[in-house]
Amino acid sequence: MSATANPLVNSPGPMTNGQLDQLSINCIRTLSMDAVQQAKSGHPGTPMALAPLVYTLWNRVMRFDPQDAIWPNRDRFVLSNGHASMLLWSVLHLSGTRAVNAEYERLGQPAVSLEDIRRFRQLGSKAPGHPEYHWVSGVEATTGPLGQGVATSVGMAIAQAWLANRYNRPDFEIFDYDIYVVCSDGCMMEGVGSEAASLAGHLALDNLCWIYDNNHISIDGNTRITFTEDIAARFLGYGWNVLRVGDANDIDRIEHALDVFHKTKGRPTFIILDSHIGYGSPHKQDTAAAHGEPLGEEEVRLTKRDYGWPEDTKFLVPNAVRAHFAAGIGARGGQARSRWTQLFEAYRSKYPELATEIDLMQRRELPAGWDRGLPVFPADPKGIAGRDASGKVLNVLAQNIPWLLGGSADLASSTKAALTFDGAGSFEPETPGGRNLHFGVREHAMAAAVNGLALSKLRAFGATFLIFSDYARPAIRLSAMMELPTIFVFTHDAMGDGEDGPTHQPVEQLASFRAEPGLVVLRPCDANEVVEAYRYVMQLRHEPALLALSRQPLPTLDRSKYASASGLARGAYVLADPPGGKPEVILVASGSEVSLCIDAHEDLLAEGIRSRVVSMPSWDIFEHQTQAYRDSVLPPDVTARVAVEQASTFGWDRYVGRSGRVIGMKTFGASAPLKELQRKFGFKPERVTEMARALIGKRKTN
Ligand SMILES: Cc1ncc(C[n+]2csc(CCOP(=O)(O)OP(=O)(O)O)c2C)c(N)n1
Ligand SMILES: [Mg+2]
């Protein structure tokens, strides 16, 4: 049958709605097949199978206005099986979704053009291999590492419930959106998916709907070799409402299940959708071969024939499909947004302060007076622990910034990340306005949920011990990739919890996080640097921050004698210098080792050795300073340098150079009181002074 004669594509008369539905679904399928074939890479099978689901969600159910992809009350769509990205590129294209830029300006051009789809997976295309937030408008979360999308969605659902609680008023349902997630076997097998599902069930998040693509196929073949549990029983156990749609092509049943989700109160919904990967492909349907490679030219042709699609066309989008999307999601979304906009204008006149908060939040700005009342800590040799200072600062900030919230993975009292002021409350099913989130012992889901909260424009923090960042790392990485201003409050940053031993003592974590593009790692040296760290972090709009804080008290430095802690904003600064400047040796350190270097410095000065102490709380920030500034802190001609940090020495050579020395960790720690560990691993002023002397070729004088 030739292209022009095809009844569905080029119908002589008006098509029925049923025909238009089918035409649209097949258009998603064929775009996906053609794009993967052209790119010679990608995943065709799942888009072919799930086209009816995604079509139904977008064109019949979701409240999303293609003209304004960042309308605050839009329903959220997360493709947790990110490898099926062609589903998203297809619906973003067919719905005519418009682009938005980083300054939140709505642009006229398409979020995903047909040309982008033709250039699927090529450099610069807005149809990359996996969904990328911040690269393609209309993508709500970066996905690809399986399980991340579902876990992130739990944060989104918490955020919706929180926003509704704070901002909705009688007759003003400002936030009543839902979160839809499509996920696959991989998302169900990954641990983070289970953590997140358990948390969502506990929190009774009835705004959350996961649709699980039950196709019995993953890369290594049929899931009978790996994944045979009773998943319905598992989700019932978590407290979810579990539904099943036995035929992924039955769009009425899909719509019905989504309707049941809307009516279900008090628990999230899990829809098991039985599907056939590679649906319609005569030789590849229901096989792993449909998962991750192009179908092949001939198979594409045969599959198109099966769909009644013109076999020889590529990237064909019938006008009727665009018109059908315009009449569906376009019209419904447009009306929903204009109703909301009117409602919001009325809300603005009645509740101007609340409306202003919403405006600020949407642009990731801070309210006036956000840093009011931040503490200044007086000099104190006994000092205060980094975690305690952090707790005090967080509590001040959270009172100034109503949408700052967060919690810890069952370590609130140890991380001091609890919000304790009157009215802070806990986020629980009956109290969705609470500002303290109890993530339980679920670090990975916590970090992903923090991402979800930040994607919903809340300012969110998650707290645990630095060592357990290892359990959260994949989500922290996505935070950086998504350019989200999340805050990770990680305490017990070194050997400070001595007796707990090497399982609890981070060694390589700082180095590895410093290697992560875009993540701002800060390890403040005293309470006033903690204040400055938060002052810096709060002003970030597109970068996540990781605070490494001490468990044990750190002396609060006398800032009338040493430089102001405000130097933190430049990443590293000269804290102490010999009289008249011009040092002959530089001691550089972060966190708890700064005061140790100060002690060494005082000893060296007493001996007539001209040492400088550089406090370097953040490599990341320092790297962004001008060369002139960096050279002023670390003058190139002063090559005698010692770096001290209770962590892996890895990477410090970039600051101490080939002739410098690093006092750090080359092994795991040990279980003993901190003082003994410091002695064992050489974190003592005498070792620093000894090295400094050796570097400049001087002997001890007394
Ligand atoms: C965390 C993680 N591990 C491994 C992969 C590589 N990978 C991509 S898809 C996939 C499994 C595919 O099976 P399933 O999730 O059932 O998706 P389907 O093929 O059914 O679409 C794997 C292992 C990944 N993307 N993320
Ligand atoms: Mg599968």
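Student: What share of the 702 residues in the protein chain is buried?

Tutor: Buried residues make up 62% of them. Buried means under 20% relative accessible area, exposed over 50%, and partly exposed in between, with a 1.4 Å probe and protein chains only. This is a predicted model, where local features need pLDDT of at least 70, side-chain atom pairs count only at pLDDT 80 or more, and totals for chains, interfaces and linings use all residues. Residues are numbered from 1 along each chain as its sequence is written, chains are lettered from A and ligands numbered from 1 in the order in which they are written, and side-chain values use heavy atoms, leaving out hydrogens and water.

Student: How many helices and strands are there?

Tutor: The protein chain has 24 helices and 22 strands. These are DSSP runs numbered from the N terminus: helices are H or I with at least four residues, strands E with at least two.

Student: And what is the radius of gyration?

Tutor: The radius of gyration is 28 Å, close to the 27 Å from the globule rule for 702 residues, so the chain is as compact as a globular protein of that length. The radius is taken over C-alpha atoms, and the rule is 2.2 Å times the number of residues to the power 0.38. Along the principal axes, the C-alpha atoms fill a box of roughly 100 × 55 × 45 Å.

Student: What part of the contacts comes from residues 24 or more positions apart?

Tutor: They account for 76% of the contacts with a separation of 6 or more. Contact means heavy atoms within 4.5 Å.

Student: Charges next. How many positive and negative side chains?

Tutor: There are 71 positive and 79 negative ones, and the centres of the two sets lie 4 Å apart. Lys and Arg count as positive, Asp and Glu as negative; His and the chain ends are not counted. Each charge is placed at NZ of Lys, CZ of Arg, CG of Asp or CD of Glu.

Student: Now Arg-442. Where is it found?

Tutor: Arg-442 sits in the loop between strand S12 (436-438) and helix H15 (443-455).

Student: Is Arg-442 buried or exposed?

Tutor: Arg-442 counts as buried, because its relative accessibility is 18%.

Student: What does Arg-442 touch, leaving out residues up to four places away in sequence?

Tutor: Glu-195, Ser-198, Leu-199 and Ala-409. Arg-442 and Glu-195 are 247 residues apart in sequence, yet 6.0 Å apart C-alpha to C-alpha. A polar atom of the Arg-442 side chain also lies 2.9 Å from the backbone oxygen of Phe-439.

Student: Switch to Gln-625. Which side chain does it make a polar contact with?

Tutor: Arg-570, at 3.3 Å between the side chains. A polar contact is a pair of N or O atoms within 3.5 Å; within protein, one must be able to donate a hydrogen and the other to accept it, and residues adjacent in sequence count only if both atoms are side-chain atoms. Gln-625 is in the loop between helix H20 (619-623) and helix H21 (627-633). It counts as buried at 16% relative accessibility.

Student: Which residues have a positive phi although not a glycine?

Tutor: His-134, at about 80°, and Asp-410, at about 65°, are among them. His-134 is partly exposed, with a relative accessible area of 32%. Asp-410 is exposed, at 54%.

Student: Where is Asp-410 found?

Tutor: Asp-410 is in the loop between S11 and helix H14 (412-415).
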